[in-house]
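I opened the model to look up its strand pairing and its charged side chains. My notes are below the display.

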Amino acid sequence: MTETVEQIVHESEAQRQFVRVRLPAEVEFEGQTHNVRDLSSGGIGIMDVTKSYPAGETVKLTLTL
């Protein structure tokens, strides 16, 4: 049986205002490679990051789709 996974997440008005897209991707930054959870015009969700970053901080990374 094939499992259906939502590829696009559109949040309610009280939440973020960007459509998020789930796709197979990786990012590399600070010497480590991480899987991407979702991507939007407002930012990127990265899995398994242990360091905290302040809201709005810009982080230089390499995105591989």
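These entries cover the hairpins and then the salt bridges of this predicted model.

Entry 1, strands. I looked up S3 (residues 26-29) and S4 (residues 32-40) and found them antiparallel, joined by four bridges. I noted Thr33 in S4 as the bridge partner of Glu28. Two residues lie between the strands of this hairpin, and Glu30 has a positive phi near 50°.

Entry 2, the next hairpin. I followed S4 on to S5 (residues 43-46); the two pair antiparallel over four bridges, and the hairpin between them also runs through two residues. Opposite Asp38 I found Gly45 of S5.

Entry 3, salt bridges. How many salt bridges does the structure hold? I counted three.

I took Asp38 with Arg20 to begin with: their side chains form a salt bridge at 3.0 Å, N to O. Asp38 is in strand S4 and Arg20 in strand S2, so the pair ties together parts 18 residues apart in sequence. Are these two buried or exposed? Both are buried: Arg20 has a relative accessible area of 12% and Asp38 one of 5%.

Asp38 also forms a salt bridge with Arg37, with the closest N and O atoms 3.4 Å apart. I logged Arg37 as partly exposed at 42% relative accessibility.

Lys51 sits in the loop between S5 and strand S6 (62-64) and Glu30 in the loop between S3 and S4, 21 residues apart. I recorded Lys51 as partly exposed at 47% and Glu30 as exposed at 54% relative accessibility.

Terms used:
Residues are numbered from 1 along each chain as its sequence is written. This is a predicted model: local features need pLDDT of at least 70, side-chain atom pairs count only at pLDDT 80 or more; totals for chains, interfaces and linings use all residues. Side-chain values use heavy atoms; hydrogens and water are left out. Two strands pair if DSSP finds at least two bridges between them. Buried means under 20% relative accessible area, exposed over 50%, partly exposed in between (1.4 Å probe, protein chains only). A salt bridge is a side-chain nitrogen of Lys or Arg within 4 Å of a carboxyl oxygen of Asp or Glu.
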